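Let's take a walk through a protein model together. Have a look at the sequence and the fold, and then we'll go through a few spots one by one.

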Amino acid sequence: MKKIVSALALGAMMAVAAAGAAGAKEWKTVRIGSEGAYPPWNATDTSGKLIGFEVDLANDLCKRMKVTCEFVAQDWDGIIPALQQGKYDAIMSAMTITGERKKVIDFSAPYGTEPSVFAVPTGSPLAKALNLGADRIDLNDQAKAKPVLDKLAEALKGKSVGVQVSTIQADFMDKHLSKVTMRTYDKIDNAGIDLNSGRVDAMFGDRSVVEAVLKATPGKMVVVGPNFIGGVIGEGMGVGLRKDTADLKAMFDKAIAEALKDGTVKKLSTQHFGYDISPK
């Protein structure tokens with residue numbers, strides 16, 4: 001891990017130097033877009049201020065980059081278009097690095113990662129049916145993943161699953177569970193509301209966010225089945241950036257490498273999540 005981070009830091013420093021030599025923009029303020037509705041990654045307090053792990057991490061990264069951070073709240077379904085239109089300079093909103101997204105925007109190195117999980121009502125027959133005999137499934141290992149995915153599709157036959165729109169979980173449903181009814185929501189909290197009221201049979205999302213929804217209604221719902229990683233679940237969460245800001249990407253890469261190496265990401269994630277979400 002230390003060797004990987006050190007190599008990343010060295011590469012990032014070289015990229016910053018190269019960008020500076022090419023006469024790149026002198027960044028003094030960096031505007032960061034975030035949904036503010038995805039705790040503990042990001043949330044909004046009663047005064048309307050953005051808070052959460054990513055806000056605390058962004059402030060730390062900006063200090064390392066010697067710039068001022070400004071935060072901009074943005075609904076998830078418009079978060080990439082608003083970046084491209086110049087509403088802000090970067091996205092820190094639990095956005096997973098995927099091949100499809102890299103076609104339209106750049107990403108920093110990952111600053112966090114976690115699996116995706118299903119949740120069902122406590123006492124639902126699905127709680128037993130989704131116990132598929134595996135704690136963690138790496139979708140990159142098709143030999144091991146396919147039998148589990150086949151069992152999952154059979155268990156969810158005729159059922160409905162709630163996910164947040166335009167997410168890796170929606171991509172997972174499209175690719176691996178195309179015959180299962182998928183219902184999309186603007187916010188994952190609303191999927192939890194419908195699950196709790198019986199309007200959907202299950203929900204699927206990032207582990208920490210699903211657990212946060214469950215904590216809001218203690219005893220009503222339970223996490224079931226394997227933790228899914230890899231494949232369409234992506235490479236971890238990174239800072240989203242326009243393709244014409246390679247200098248800013250290099251700055252973020254260097255700052256993230258430093259924050260991983262000195263334990264800041266571990267400290268902040270343990271504070272907000274209760275466990276370390278640092279990329280492995």
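Which residues of helix α11 (residues 264-273) are buried? Keep in mind that this is a predicted model, and then look along the helix: T264, V265, L268, S269 and F273 are the buried ones. If you look down the axis of α11, those buried residues fall within an arc of 125°, so they line one face of the helix.

Now turn to the face that points away from the buried side of α11: there you'll find the exposed residues K267 and Q271. And what covers the buried residues? The cover includes α2 (53-65), α9 (207-216) and α10 (246-261). Just after α11 comes G274, which takes a positive phi of about 90°.

Time to zoom out. Where the domains touch, 15 residues from domain 1 and 14 residues from domain 2 take part in the contact.

## The pockets

Next come the pockets. The largest pocket holds about 340 Å³ of space. Its lining is made of 22 residues, with T113, E114, P115, R136 and I229 nearest the centre. Sorted by class, that lining has nine nonpolar, six polar and seven charged residues. Both domains join in here too: domain 1 and domain 2 each supply at least three residues to the lining of the largest pocket.

The second largest pocket has about 150 Å³ of space. Which residues line it? They are D150, A153, E154, K157, G158, H176, L177, S178, K179 and V180. Helix α6 (residues 142-155) gives the largest share of this lining, with three residues. By class, the second largest pocket is lined by three nonpolar, three polar and four charged residues.

## A closer look at I79

Let's finish with one residue. You'll find I79 in helix α3 (residues 79-84). Is I79 buried or exposed? Its relative accessibility is 2%, and anything under 20% counts as buried, so I79 is buried.

Who are its contacts? Leaving aside neighbours within four places in sequence, I79 is in contact with G33, S34, E35, Q74, Y88, I91, S93 and M95. Take G33 from that list: I79 and G33 are 46 residues apart in sequence, and their C-alpha atoms are 7.3 Å apart in space.

Terms used:
Residues numbered from 1 in each chain as written. Predicted model: local features only at pLDDT ≥ 70, side-chain atom pairs only at ≥ 80, totals over all residues. Heavy atoms only, no water. Buried < 20%, exposed > 50% of the residue type's maximum accessible area, 1.4 Å probe, protein only. Helix = DSSP H or I, 4+ residues; strand = E, 2+ residues; numbered from the N terminus. Arc of directions from axis to C-beta. Contact = heavy atoms within 4.5 Å. 1 Å grid on protein atoms, 1.4 Å probe; cavity = no way out; pocket = protein on both sides within 12 Å on 5 of 7 lines; lining within 4 Å. Points joined across faces, edges and corners; volume = space filled by probe spheres on them. Nonpolar A, V, L, I, M, F, W, Y, C, P; charged D, E, K, R; others polar. Domains from an automatic or database assignment.
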